[in-house]
Amino acid sequence: MANLVLELGLALSLVALAGLLAARSRFSAVPFFILAGLAVGPHTPLGFVESAPVINFLGRLGLLVLLFYLGLEFSVGRLLRAGRSILLGGVIYMAINLPLGLLLPWLLGWPLREILVAAGITTISSTAIAARLVVELKRTANPETEMILGLMLFQDAFVVVYLAVISGLVLTGNASPGQVAKATLGALAFMAGFLFLGRRLKPLLDRWLDIPSDELLLLVIFAALTLVAGLAESLHLAEAVGALLVGLVLGETEHFQRIQHLVVPFRDFFSALFFFSFGLGIDPLTLKGAVWPALAAVALTLVGNFTSGLLAGRTAGLSPRASTNVGLTITARGEFSIILANLARAGGLLPVLQSFAALYVVILAVLGPLLTKESRWIYARLRPVFRWPALPPRKQKIS
Amino acid sequence: MGHLTVYREVELPGIGRKFQIETRAGDRLIIVVHDDGRREIYYVDCENLEECGPVVTLDDGEARHVAAILGGMVYTPKALESVEMAFDEMVFEWFKVEPGAAAAGQTIGGLRVREKTGATIIAVVERDRRKIINPGPDQVIREGATLVVMGDRKQVRACKDLILRGNR
């Protein structure tokens, strides 16, 4: 047992080190966690063998908390309030990027379920990275920021539905189209029913959750979270979807801010382990087979996202310069892609999906922010092509 | 905040809230309140925000301090002798006892401020800048002193009334 704790300690030190490196280089920590896991998986000589099941379990909890938090933060009302231009932008984004996402794995000859998961992996931007970039580059007050965050909101809504559908599909295994349709409808029905019930019970929930003690509230939340996630699993839905649903319901109660506050440290801790364990599960030797698909996907994502961001920005009346920022900021990939790839692992889909997702995310979690930072340079290069107006010289910023 | 000429408030999901202000003097300011407590103030002096505009970033404590300075809590502009600060329902008000106020010379206990108005006088700043925190009932209210009154809006108004016009 002493060995196990020691191994866990070593693993956590690695995760912490990866996080420190990420903070130092100012990139998202997600690719660093994955790479750290990749480096010490059971497939490598350094291999963490004893503690792998424990870390995997903690990572599994991380996924639940991550999705719970996504549900907590998401609100349909907010999306509807976002306005017409943002909804239109979201539709433009999906109309361009989802077909592109489906096209590549189809050309590669992957089976249907793999195609659907891969499309999700490449279609969904990283909300976390986009929001952080905007803040870090001091663009919060810029006109395009509303569009960027609106697109993220739109994609969050897409994730909620897509995850439910995909998990029904993936977890039913190799079944006939009829069974798959049944499972998908079942998943959607469960979701709709649960959300409807949550809405009806809101006054009751408001009263029940009015618990003064933080400790008790936290226990109640985690009890509900694991209970519903487990229940979803036994109904052949991904447990992740169960966690998401609990988040969605609790996000509508009047206590959602307090719950958010309580859950954040757990989300941070466990989600780091989730990404680490995702890396652990990948055999580095399989990466080679995924290099070309990942690179092709990166290229398609850059082109598709930039085009759709530009179009969304321009139709909303933003300047070419601001629209360039939209197109570049949304290219970052992170948490969602990994969540979907992990779902594919749970469903026993082709292992190449995980290597593909890992490479793809590692590249775009670094490249996306780099491009976003250099958006001025990129604009200047593209300006002659599109006959955009010249930029005024940059003024000295006082900070 | 109805005095500001152009005022736009936008939610920034995942970040916080953005307030766009155009001042009467024609300056454009954007204040972003981050959910993590940071505040950013952008001064927009041309069309393209990306390339211009100094930014000030304040953490929560600094922002409050600056707010206090701007709000006149630290130094009250001569033109303004009364300052109000509101947290949800609760209001703090700094207000000066005008010469000729009916309550001048009377004690807080004698006026029965709390029983009559519900508001509490939590501090008195005398004319010579001497501060009395949490004054007792026998504290005399003098002309030219500044009182810090706490209560809800109605109570504070009643208290100001009482001090200005006395018992009726």
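User: Where in chain A does R26(A) lie?
Analyst: R26(A) sits in the loop between α1 (2–25) and α2 (29–40) of chain A. Helices here are DSSP runs of H or I with at least four residues, strands are runs of E with at least two, and both are numbered from the N terminus. This is a predicted model, where local features need pLDDT of at least 70, side-chain atom pairs count only at pLDDT 80 or more, and totals for chains, interfaces and linings use all residues. Residues are numbered from 1 along each chain as its sequence is written, while chains are lettered from A and ligands numbered from 1 in the order in which they are written.
User: Is R26(A) buried or exposed?
Analyst: R26(A) counts as exposed because it has 10 C-beta neighbours inside 10 Å. The cut-offs are 20 or more other C-beta atoms within 10 Å for buried, 12 or fewer for exposed, and partly exposed in between, with C-beta atoms placed from the backbone.
User: And what about its phi?
Analyst: R26(A) has a positive phi of about 65 degrees, although it is not a glycine. K138(A) is not a glycine either, and has a positive phi of about 55 degrees.
User: Where is K138(A)?
Analyst: K138(A) is in the loop between α7 (127–136) and α8 (143–171) of chain A.
User: New topic: how many helices and strands does chain B have?
Analyst: Chain B has four helices and ten strands, whereas chain A has 18 helices and zero strands.
User: How much of each chain is buried?
Analyst: In chain B, 22% of the 168 residues count as buried; in chain A, 49% of the 399 residues do.
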